[in-house]
Amino acid sequence: MIGDAVMKEGVAHQNPFIEISRTARVFIIIYFILWRIMPPLFTKYSTDVQDVKILVIGLVTHVVYESMLLFPFVVKKFGGTKIGWLHPLVFITSVVILLDLIRSPANLFLPFTFYAAPPNDLYHQLLAGWSGKAIIWAQTKLKLMEALSVVGLFLGFSIIKIHKRLGGLSDVHGVDGVRFFGLFAILLAAVIFFLEQQGGIVAHMASFAGGRFRMREFHGPFLVVNGVLPFLLIFWYLHKPSTLRNPVFLIIFVVACVLQFIVSGSRSDLFAPVAGLLAAWMMVHHRIPAFKIVLLGVSVILLLGVLGEVRRSGSEGVIDFSLLLDYNAQDAYALTQQELDDRAHGSNVAISAMVPNYRDHALGSTYVGAILFWVPRFIWESKPRGAGAQAAAIFYRGNESAVGYQGGGYPPGAVAEAYWNFSWVGVLFIYLLFGAFLRYCSDWFYSKPSNPLSATLLIMVAFVLPSPSTIALVSFFQSIVIVYAVMLFCKNNKNASGSGHRDMVVSR
């Protein structure tokens, strides 16, 4: 295989996951202690609820959970694999932490302000009339679930190894550029055709007023095609890193990223591909682009609230793009914080509080809907709804089921969803499987770090499948099917000695 000798020599002398320096480990430990462990002890667990047992359980669980998240950052090996910035157990956690900081920049000052923070807010819109003791127990129970999920994740990663490769696709190196960009152009044209059929960009974004849930239900295939466009370009960059110096490629990538927000209305869909390209740059150059990461973070902080207002302006039938021109950093920050506050009370705590005493376990129905996402509803009218729709219908509307429900969705997190379906054992089992899958991705990338397909899979897992929630699973399955189909169509073993694969190896 072309370049194998170079690749094996590189792997023998350096960690393809990119070594975490001793200095970085020290700063990470300090961050976890001062930013993640200490503040909640004063804000979340400083309440007037006179139940020492619950408070102690919550405090201990919180410390244990955060310590387990920190663990992969401070060891050099885990489960027989080397640890680095791109290791799945570190990469995914880093992405989640950075997104949390970007969405709520005020958290950067937590070590200096937590002592003045008010006690834990025990209000939840779905638990009106519940006692403070009951609500804080629901929060503590949810934290126990999260700790159990990390245990399952670590166990799955450590003890379950999947050695089977995905056939000939596991060694994709030669790619026919003409076929690749020809197919990319067809997919891009399909998205543009969709927008045209919607009446144009403004008309489509105005349709968000009817709820993005319904838009996803009726126009799902176009959303999937649109969502995969940036990752195809990231694959091409990994195949041929020199293409990043091509202005045409950069323009196409920017267009693909902007389309994420226009078509889906999701701001995270806009920024994730940019962060994914930075991760790909790290894989190619084997170092951390600190300045680029900070620049991306600042940009996201400033634009998050404004883009949300642009999307919300569609409720009046007119998209107010002037918000992007009449830019005010202070207003943008305020808008971002307001939206974060609006999201503070989701369905996770409600599931923890109500299941199983007030609401039955879903018994796998949300996973059935996810696994059979490809079955059209006109063929199976009673196919279970997604987790977000079921949570909205059952917990927010008080329905017995989601049959016939057409409103918005409130997707629960992966941990709460697993518990809702199969109780405590479900949390452990789902994360056990997820850990095994991350081990597969880790082993494949470590054994073939110069293979653009294994690298692309690792990036897609971090940004599309950071947790085994069904909404993430469906999005990932749909996207990866298209990516693999494109790779299979464009694979060209005759060009395995081409500049693409060699380009990536040499640049290391």
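Analyst: Buried here means under 20% relative accessible area, exposed means over 50%, and partly exposed lies in between (1.4 Å probe, protein chains only). This is a predicted model, in which local features need pLDDT of at least 70, side-chain atom pairs count only at pLDDT 80 or more, and totals for chains, interfaces and linings use all residues. Residues are numbered from 1 along each chain as its sequence is written, and side-chain values use heavy atoms, with hydrogens and water left out.

User: Which aromatic residue does Trp 236 pair with?

Analyst: Rings of Phe, Tyr and Trp (its six-membered ring) pair if their centres lie within 6.5 Å, with planes under 30 degrees apart stacked, over 60 edge-to-face and the rest tilted. The pair with Trp 236 is edge-to-face, at 5.0 Å centre to centre and 75 degrees between the planes. Trp 236 sits in helix H9 (residues 212-239) and its partner in helix H7 (residues 177-197), 55 residues apart.

User: How many aromatic pairs does the structure hold?

Analyst: Some rings join up into a cluster, as Tyr 31, Phe 32, Trp 35 and Phe 73 do. Across the structure, the number of aromatic pairs is 24.

User: Which residue follows helix H10?

Analyst: H10 covers residues 247-264 and reaches 26 Å from its first C-alpha to its last, close to the 26 Å expected at 1.5 Å a residue. At its start, a side-chain oxygen of Asn 246 comes to within 2.9 Å of the backbone nitrogen of Val 248. Its buried residues include Phe 249, Phe 253 and Ser 264. Next comes a residue with a positive phi, near 80 degrees: Gly 265.

User: What share of the 508 residues in the protein chain is buried?

Analyst: The accessible surface of the chain comes to about 23,400 Å² (Shrake-Rupley method, 1.4 Å probe). Carbon and sulfur atoms hold 66% of that surface. Of the 508 residues, the buried share is 51%.

Definitions and conventions
Helix = DSSP H or I, 4+ residues; strand = E, 2+ residues; numbered from the N terminus. Expected span 1.5 Å × (residues − 1). Polar contact = N/O pair within 3.5 Å; in protein donor to acceptor, adjacent residues only side chain to side chain.
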